[in-house]
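Hello,

Here is the structure I promised to pass on. Please open it first, then read the notes below.

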Amino acid sequence: MQTLTNGTPKEGIEMAISLKGMSRKELEKLKADVDKALEKAAEEDKKAAMVAAEKAARAHGFSLDELTGATPKRGRKPGAKKASGPKGAPKYANPADKSQTWTGRGRQPAWIKDGLNAGKSLEDFTI
């Protein structure tokens, strides 16, 4: 059984694998399993390193964020709406219906596209 650097046994199955008699499909599955195991081991090592770094920082009277200059991660609350930016002032209006306006940002409205396809210029829609 494998052991960690501190001498404790590592979980897992110890097995000898002969690659010679394996089919390509079996080898690819084995490779995928090894990749998953490596990712999991790297993630566990990263977590252990973070815990050790935080512990060392606390021992010296600091937080890890203070030492690294990082700000604590703060996510949006579930269900919170995304803040929208400032709305631009409308620059263009539909000649047939003045209540339909466009700021000139984002997707062009259908009435702008239709007018441009009919040979009008963007200046024809300017407010």
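**Overall picture**

In this protein, residues 24 or more positions apart account for 19% of the contacts with a separation of 6 or more. Please keep in mind that the model is predicted. Of the 127 residues, 8% count as buried. The protein exposes about 11,500 Å². Carbon and sulfur atoms supply 56% of that area.

The protein has 3 helices and 2 strands. Along the sequence they follow the pattern α-α-β-β-α.

**The hairpin**

Start with the strands. β1 and β2 form a hairpin, with 2 residues between them. The two strands pair in the antiparallel sense, over 3 bridges. Tyr92 stands opposite Trp102 in β2. β1 covers residues 92-94 and β2 covers 97-102.

**Helix α3 and its buried side**

Next, look at α3, which spans residues 110-117. Which residues of this helix are buried? They are Trp111, Ile112 and Gly115. Seen down the axis of α3, these buried residues fall within an arc of 100°, so they line one face of the helix. What does that buried side pack against? The buried residues of α3 pack against β1 and β2, the strands of the hairpin.

The face turned away from the buried side carries exposed residues. These are Ala110, Asp114 and Asn117. After α3 comes Gly119, whose phi is positive, near 105°.

**Trp111**

Is Trp111 buried or exposed? Its relative accessible area is 15%, under the 20% cut-off, so Trp111 counts as buried.

Leave aside residues up to four places away in sequence, and Trp111 touches Tyr92, Ala93, Asn94, Gln100, Thr101, Trp102 and Phe125. Two of the residues it touches, Tyr92 and Trp102, are the ones that stand opposite each other in the hairpin. Phe125 is 14 residues from Trp111 along the chain. The C-alpha atoms of Trp111 and Phe125 are separated by 9.8 Å.

**Salt bridges in α1**

Now move to α1, residues 24-59. How many salt bridges does a search of the whole structure find? The search finds 3.

- Glu28 bridges to Arg24, with the closest N and O atoms 3.1 Å apart. Both residues lie in helix α1, 4 residues apart, about one turn of the helix. Glu28 is partly exposed, at 44% relative accessibility. Arg24 is exposed, with a relative accessible area of 65%.
- Asp33 bridges to Lys29, and here the closest N and O atoms are 3.1 Å apart. This pair also sits in helix α1, 4 residues apart, about one turn of the helix. Asp33 has a relative accessible area of 36% and is partly exposed. Lys29 counts as exposed, at 51% relative accessibility.
- Asp35 bridges to Lys31, with the closest N and O atoms 3.6 Å apart. Both belong to helix α1, 4 residues apart, about one turn of the helix. Asp35 is partly exposed, with a relative accessible area of 32%. Lys31 is exposed, with a relative accessible area of 53%.

Why does Lys29 count as exposed while Asp33 is only partly exposed? The cut-off for exposed is over 50%. Lys29 is at 51%, so it counts as exposed. Asp33 is at 36%, between the 20% and 50% limits, so it counts as partly exposed.

**A nonpolar patch**

Ile17, Leu19 and Leu27 make a nonpolar patch of about 250 Å². Where is Ile17 found? Ile17 is in the segment before α1. This residue is partly exposed, with a relative accessible area of 43%.

**Where to look**

End at the patch made by Ile17, Leu19 and Leu27.

Best wishes

Key: Residues numbered from 1 in each chain as written. Predicted model: local features only at pLDDT ≥ 70, side-chain atom pairs only at ≥ 80, totals over all residues. Heavy atoms only, no water. Patch = residues over 30% accessible without salt bridge, like charges linked within 9 Å, V, L, I, M, F, W, Y side chains within 5 Å. Areas by Shrake-Rupley, 256 points an atom, 1.4 Å probe, with all protein chains shown as cover. Salt bridge = Lys/Arg side-chain N within 4 Å of Asp/Glu carboxyl O. Buried < 20%, exposed > 50% of the residue type's maximum accessible area, 1.4 Å probe, protein only. Arc of directions from axis to C-beta. Contact = heavy atoms within 4.5 Å. Pairing = 2+ DSSP bridges.
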